Amino acid sequence: MSWRNVPLSDLASPTGGSFVDGPFGSNMKASEYEAKGVPIIRLQNVRPNEFLAKDIKFISPRKATELSRHSYAPGDLVISKLGDPPGYACVVPQNAGSGVIVADVVRFRGNPELIDHRYLSFYLNSPVGRQQFLSLSKGTTRTRVNLSNIKTIKI
């Protein structure tokens with residue numbers, strides 16, 4: 001048996017909706033954040049192989065229902081599209097509960113028969129994974145990778 005490189009899209013869950021990025025700016029504004037409610041994952045919560053559960057912001061349950069297409073659940077993999085560098089990835093821990101991601105975060109659900117999210121997180125944060133993100137990045141002051149490019153990353 002030999003290993004082969006495949007695009008991340010080939011490892012997606014067969015049920016659909018595997019790749020989702022957050023809502024665009026006008027659909028979720030910082031002015032809509034609340035003291036409690038449904039948590040949101042922002043860039044500062046996604047670190048290499050680590051979910052930082054600090055300074056968590058919330059939106060109302062009604063707003064979360066409106067944005068349900070952009071939801072996450074424990075066990076999902078989340079990836080930063082923006083940053084210096086972009087492409088940090090981590091698995092949402094069980095104690096984080098469910099919620100909604102922001103515009104510059106991608107939620108990925110892989111086919112569990114093909115990929116383990118923990119392995120994928122370590123791979124994406126490895127020098128090989130980091131290099132792929134850097135080669136796909138655009139921008140000079142705010143480096144970003146778009147969702148279409150993330151789907152092509154070779155695993």
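**Figure 1. Glu34 in the loop between β1 and β2.** Glu34 belongs to the loop that links strand β1 to strand β2 (38-41); helices (H or I, at least four residues) and strands (E, at least two) are DSSP runs, numbered from the N terminus. The model is predicted: local features need pLDDT of at least 70, side-chain atom pairs count only at pLDDT 80 or more, and totals for chains, interfaces and linings use all residues. Residues are numbered from 1 along each chain as its sequence is written, and side-chain values use heavy atoms, with hydrogens and water left out. Glu34 has a relative accessible area of 39% and is therefore partly exposed; buried means under 20% relative accessible area, exposed over 50%, and partly exposed in between (1.4 Å probe, protein chains only). Not counting residues up to four places away in sequence, Glu34 touches Phe58, Ile59 and Ser60, where contact means heavy atoms within 4.5 Å.

**Figure 2. Ser60 between β5 and α1.** Ser60 is located in the loop between β5 (57-59) and α1 (61-66). Ser60 counts as buried because its relative accessibility is 16%. A polar atom of the Ser60 side chain lies 3.0 Å from the backbone nitrogen of Lys63. Such a polar contact is a pair of N or O atoms within 3.5 Å; within protein, one must be able to donate a hydrogen and the other to accept it, and residues adjacent in sequence count only if both atoms are side-chain atoms. With residues up to four places away in sequence not counted, Ser60 touches Glu34 and Val38.

**Figure 3. The open sheet of four strands.** The strands follow the order β1-β10-β7-β8, with antiparallel pairing; two strands pair if DSSP finds at least two bridges between them. β1 and β8 (89-91) are the edge strands, each pairing on one side only. On average, neighbouring strands of this sheet are turned by 25° against each other, direction ignored. Axes are lines fitted to C-alpha atoms, for helices over the stretch in contact, and angles run from 0 to 180 degrees between N-to-C directions. Helix α2 (residues 117-124) lies across β7, β8 and β10, and runs at about 160° to β8.

**Figure 4. Strand β10 and its partners.** In a regular strand the side chains alternate between the two faces of the sheet. In β10 (residues 105-108), Val105 and Arg107 on one side and Val106 and Phe108 on the other are all buried. Three bridges join β10 to antiparallel β1 (residues 19-21), and Arg107 is the bridge partner of Val20. Four bridges join β10 to antiparallel β7 (residues 77-80).
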